[in-house]
Amino acid sequence: MLGEGIVKGLAETARNFIGSYVEQDRLTTVQYPEELLPAKEAARNFPFLVFDGNDPHAGMRCVACQICEKECPPQCIYIEKSKDKKPDYIGKAQFYPAVFDIDVSVCMSCQICVEVCPFEAIKMDTAFELSNPDRFGGLLFDKHQLAKSNGHYHDIHPTEAAEVDARLAAEKAKADVKAKADAEAKAKAAAAKAATPPPKPAPIPAS
Ligand code: SF4
Ligand code: SF4
């Protein structure tokens, strides 16, 4: 019938329009910015730096290896390595970033920095309300602005964050076993050395 498609389309629109007053799942839009839809777990926007515990400096996972800086296609990461070191999550002394900046006005959200990081230190955030009147400085985020807790990582990407935690915990357990075995071997060697009698002095030849 001529116009059948148009009638069906109008009927569907009317069904959705009326349904939106009575069925929650037909409300496809919300009153932003008063209302916000929760971000999907796979959503990503710009990177952030993960820290463990409550202290962003002490818990920051980044060791300033600069791999992400080299691999970032638009070169929007800038890192300066520290002069001193601090312990990482397994207690190994590591450098940390004295400076870590990301120019999010240039970042293209490709996630390459996340994929190349060997330390699970940089992840993609879902924050998107970043508009700023300052086109340059306002979108140049330093390490203090970039640092977000592992709890935040769990909030936005729970599945991925749980996998990372399990991997890091397994690595830490392995490192603890090795450290314990090394300490025992060292103690054993020291005990064996202490138990060995000192060599007898050479006899003095008769004159
Ligand atoms: S997401 Fe891509 S463009 Fe943005 S900082 Fe990471 S590597 Fe660079
Ligand atoms: S975020 Fe990762 S890859 Fe980038 S400098 Fe830090 S540890 Fe290295």
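The legends below describe close-up views of a predicted model.

Local features are given at pLDDT of at least 70 and side-chain atom pairs only at pLDDT 80 or more, while totals for chains, interfaces and linings use all residues. Residues are numbered from 1 along each chain as its sequence is written, and chains are lettered from A and ligands numbered from 1 in the order in which they are written.

**View 1. Residues around ligand 1.** Ligand 1 is surrounded by 14 residues, where a residue is near a molecule if its C-beta atom, placed from the backbone, lies within 6 Å of it. The closest are Cys72, Cys107, Cys110, Ile112 and Cys113. By class, the shell holds 12 nonpolar residues, two polar and no charged ones. Ala, Val, Leu, Ile, Met, Phe, Trp, Tyr, Cys and Pro count as nonpolar, Asp, Glu, Lys and Arg as charged, and the others, Gly among them, as polar.

**View 2. Residues around ligand 2.** The shell of ligand 2 has 13 residues, of which Cys62, Cys65, Cys68, Cys117 and Ile122 come nearest. Its classes are 12 nonpolar, one polar and no charged.

View 3. Helices (H or I, at least four residues) and strands (E, at least two) are DSSP runs, numbered from the N terminus. The expected span of a helix is 1.5 Å times one less than its number of residues. Helix 1 (residues 4-19) has 16 residues and reaches 22 Å from its first C-alpha to its last, close to the 22 Å expected. Helix 7 (residues 158-195) has 38 residues and should span 56 Å; its end C-alpha atoms are 55 Å apart, which agrees. A residue is buried if 20 or more other C-beta atoms lie within 10 Å of its own, exposed if 12 or fewer, and partly exposed in between, with C-beta atoms placed from the backbone. The number of buried residues in helix 1 is zero, so helix 1 lies largely in the open. For helix 7 the number buried is also zero, so helix 7 lies largely in the open.

View 4. Strands in the order 2-5-7 form an open sheet with antiparallel pairing. Strand 2 (77-81) and strand 7 (140-141) are the edge strands, each pairing on one side only. Two strands pair if DSSP finds at least two bridges between them. Strand 2 and strand 5 (residues 97-103) run antiparallel and are joined by five bridges. Tyr78 has Asp101 in strand 5 as its bridge partner.

**View 5. Phe119 and its contacts.** Phe119 lies in the loop between helix 4 (112-116) and strand 6 (122-124). With 17 other C-beta atoms within 10 Å, Phe119 is partly exposed. Leaving out residues up to four places away in sequence, Phe119 touches Arg61, Cys62 and Val63; contact means C-beta atoms, placed from the backbone, within 7 Å. Tyr153 is 34 residues from Phe119 along the chain, and their C-alpha atoms are separated by 15 Å.

View 6. The peptide bond from Tyr32 to Pro33 is cis, with omega near 10°. Pro33 lies in the loop between helix 1 and strand 1 (47-51). Gln75, in the loop between helix 3 (67-71) and strand 2, is not a glycine but has a positive phi of about 55°. Gln75 counts as exposed, with 11 C-beta neighbours inside 10 Å. Ser109, in the loop between strand 5 and helix 4, has a positive phi near 60°. Ser109 is exposed, with 12 other C-beta atoms within 10 Å.

Terms used: Two residues are in contact if their C-beta atoms, placed from the backbone, lie within 7 Å.
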